[in-house]
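Here is a walk through one structure, taken element by element. Keep the sequence and the coordinates open as you read.

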Amino acid sequence: MVAKNLKLLINYRELLLNLVIREIKVRYKQSVLGVAWAVFQPLLLMIIFTIVFSFFARMPSDGIPYPLFSYSALLPWIFFSGAINRSTHSLVNNRNLITKVYFPREILPIASIVTALIDFAIASIIFIGLLVLYKISLSLYIFLLFPIIIIQIFLVLGLSLFFSSFNVFFRDIGQAVPLVLQIWMYLSPIVYPISLVPEKVRFLYILNPMVGIIDSCRKIIIQGIAPDFAYLSISVVVTFVIFYFSHKFFKKLEMSFADII
Amino acid sequence: MSVAINFQNVSKQYRIRTSASQLFYEYLSYLFRPVGKYKNFSSEKIWALKDVSFQVEKGSTLGIIGPNGAGKSTILKLLSGITNPTQGTIMIEGKTAALIEIGAGFHPELTGRENIYLNGSILGLKKREIDAKMDEIMEFAELKDFIDTPIKKYSSGMYVRLGFAVAINVDPEILLVDEVLAVGDLAFQHKCMNKISEFSNMGKTIIVVSHNVRNIQMMCSKALFLNKGVIQDYGDSKGVVVNYINFMMSMEKRKETEKDLHLKKSMEEKVKITQIKLLDSKGVDTNIFSIGEPLRIRIKAQSKSYISHPDFGVTIWTEDEKKIATCNTKFDAFICRDLKGKGEWECSIHSLPFLPGNYSLRVGIYDSFSGLPYDVWGWEKRPISFIVKSLTDGTKIAPYSDLGIVELSHNWEQL
C-alpha cells in the first residue's frame, strides 16, 4: 500500500512543490524580516535557555558549552514541533480544496512538513556558525545525521497524518496538539542531559522516539562519538509503528474528509 | 461506442446536523460495541442519491437537470473522486477534470501567474504543460496586464475568468461542468460555451450540470433529470427537458392553486362587481366607438362587508392578448370612499387613441392595502369588449393592417 501511494505522490510532486511555494511565499509576503524568522525562533530560545538553565539553574550539560548543547537539540525539536503544529491544521485550513478537487490528501500535511524542513535547513546555517565559533571539529559520524533526519521525517509524517485527519473530525485535536508538544518538549532531553533522568524510569523515558534522535544528534555532531544505538533503534521501532498505523488510519478516513470537514 | 462513465446502483448518504460530540459518542459506541450489536443511532442522515444508474458513452455530452437538492452536484463530486459512494460502483475511463468550483485553491496574496501554476497543479497539470499554455490562459482570461498583480486586487469577475481559463485548459478526457457558467458577463459566457462545444467536437466526454434548460438542450445529446436523488427521466435531451419543464410547472401550479383557491374564495365573498357598462359621449350604452371618441366605463359593485377605500383598475388589451393601457385609481391617486353595500364608479377616457379593431377590457376591484383582487371582470367567463370602427371617410382603414395600435394626433407640413 505504501509503495502504491508513493507512486501516486510522485505523480503529484508538482502540486506538492507548488503548495510548499505557496506556503513560503505567503508567509513572507508583507513581512520585513522574511526568512530570517526561521532563524530567530531557535536562536532566541537558545539564548533564553542558556541564561535560565545554565547561568541561573546551573544545569549540567555533559561538558558541552550550553549554547551548543541546547541549540543542537532545539534544531531537531523545532522542526518536529513546527511541522506537527502546522500540519495538524493543514487539512482543515484547505477545506475549499478538499471539497472541490480530488488529489491525494496526504499532500497537504506533507507540504506543511516540507515547509518546516526548509525552516530547519535555514536554522542549521546558524548552527554551522556556532560550530565554527566553538571550534568543534567534525568526525566521520556526522554522516549518520542523514539517516537520523530521515527517521525523524518519518516520525513527523506519522504523527502529522494522525493528528491532521483526526482534526477533521474533532477540532479538539487542534487545541490539544500545542499543549501535547509543550509537555513532550520537557519529556525530551533538550534543556537537560539524559544522564539527569533517574535510572529507574529511564526504560520508560527512552520510549519517547525523540530521545534517541536528539541524543544522537548531540553525540555525532558535537561530541564526535558514536550514537547510542540502543536508544536509536528504539526510536526507529517506535517511529515505524507510529507511521504504519497512522498511515493506515489516514487512508481509512481519507474518503470521508470531504463529507465531514 | 465504448463507455466512458458507468454508474451502477449508486447511492450516497450524508450526515446532517451532526455535532462533534455526537460523532464522538457514535465512534466510541462503535469501538466498544458488544459483538454484532452495533446500531447507528445518533445522527440524522439523508440520501443525496438513491440507486442511480446510467451510462455515458465516450465523446457524448450529458446534461444533468433537476430542482435544488436533487443530487446533481453530488454526481459531479462522485465523478471527480472527491467523495465515495455509500453503495454501488462507479467506473470511469479517462482523466477527469472538474470545474466544480473554479479557482479552488487560489490564494489572495499570490499573483495571477503564481495562482495559475498553483491551480494548474491542483488540477493535475505539470509545470511544462502550464508553461506551454500560459499565453493561452492569459488570453482566455483577458488578464494579460494584471497577470503579475496579487489576485486580492482582482475584481470578482477577473477572479472567475482566471479560474475558468485554467480549468478549461487542463485538457481532460472527461470534463465536468457545474453551474459555473452562470458567471461572468455575456461575452465571456459565450466564450466559455464555445470552448465547451470545441471540446465536444474533439470527441471528449462532457457532463454539464445546469438550471438553464436551453443550454442543456443546445449542448447535450442526452439528459438526466433528477429529483430528490432519484432519476425521474433519462434519455434524449429534448424529451427529458420537456418532461422537466412540465414537472416544474406542475409543482409550481400545485403550490399556487392550493393557496390561491382559498384566498380567492374569501376575497370574492366580500365584494362582487355587479354590472359594467360602456357609454359613448352621449351616455348611450354601446360597444362600438370611433377613433378619438370618449369612452366611459361605468362600474357597479356590491359588498357584503365593510371595504375601506377600494381601488379600481381598468386594462385594455388587443385581440392577441397584448396589454396596451392601464387606468388605476391607485396610480392616479384617486381615493374612493369606503364601500358598504352598493356603489357606482366611472372611469372616463377622454379620447380613444386606438386604430380600428377589436379590443377587450378587464376591470377589477382591489384591496387598496395588499393589492389583491376582490373581483375581476373580463376573463373568459365575463368578457367585455368594444370595437373601434373605421372612419366613414375611408381614412384610417382596415383593422389589422400594419399600422400599429394607436393613432397619434399629428399633422404634416411641407417646409
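Predicted model: local features only at pLDDT ≥ 70, side-chain atom pairs only at ≥ 80, totals over all residues.

Residues are numbered from 1 along each chain as its sequence is written, while chains are lettered from A and ligands numbered from 1 in the order in which they are written.

Start with confidence. pLDDT is the predictor's confidence in each residue, from 0 to 100. Chain A averages 90, and 99% of its residues score at least 70. Helix α1 (residues 2-11) of chain A has the lowest confidence in that chain, at a mean of 76. Helix α9 (residues 172-186) of chain A has the highest, at 95. Helices (H or I, at least four residues) and strands (E, at least two) are DSSP runs, numbered from the N terminus.

Chain B holds 8 helices and 18 strands. Of its 415 residues, 30% are buried. A residue is buried if 20 or more other C-beta atoms lie within 10 Å of its own, exposed if 12 or fewer, and partly exposed in between, with C-beta atoms placed from the backbone. Two residues are in contact if their C-beta atoms, placed from the backbone, lie within 7 Å. Among contacts in chain B between residues at least 6 apart in sequence, 72% join residues at least 24 apart.

Now the two chains together. 24 residues of chain B are in contact with 20 residues of chain A. On the chain B side, α1 (20-31) and α3 each give two or more residues. The largest share, 4 residues, comes from α3(B).

Stay with α3(B). 10 of its 11 residues are buried, among them B:Ile116, B:Tyr117 and B:Leu118. Their cover includes α2 (13-28) and α6 (95-98) of chain A, together with α4 and α5 of chain B. Just after α3(B), B:Gly124 takes a positive phi of about 95°.

Next comes α4 (residues 127-141) of chain B. This helix bends by about 55° at B:Lys133. The bend is the angle between axes fitted to the seven residues ending there and the seven starting there. B:Ile130, B:Ile137, B:Phe140 and B:Ala141 are the buried residues of α4(B). They pack against α3 (112-122) and α5 (156-168) of chain B. B:Glu142 follows α4(B), with a positive phi near 55°.

α3 (residues 37-56) and α4 (residues 66-88) of chain A pack at about 135°, with axes 9 Å apart. Axes are lines fitted to C-alpha atoms, for helices over the stretch in contact, and angles run from 0 to 180 degrees between N-to-C directions. α3(A) and α4(A) are therefore oblique to each other. Angles under 35 degrees count as roughly parallel, over 145 as roughly antiparallel, 65 to 115 as roughly perpendicular and the rest as oblique. Residues meeting here include A:Leu45 and A:Phe49 in α3(A), and A:Tyr71 and A:Leu74 in α4(A).

Finish in the loops. Most residues other than glycine have a negative phi. A:Lys135, in the loop between α7 (107-133) and α8 (145-169) of chain A, has a positive phi near 55°. It counts as exposed because 6 C-beta neighbours lie inside 10 Å. B:His309 also has a positive phi, of about 40°.
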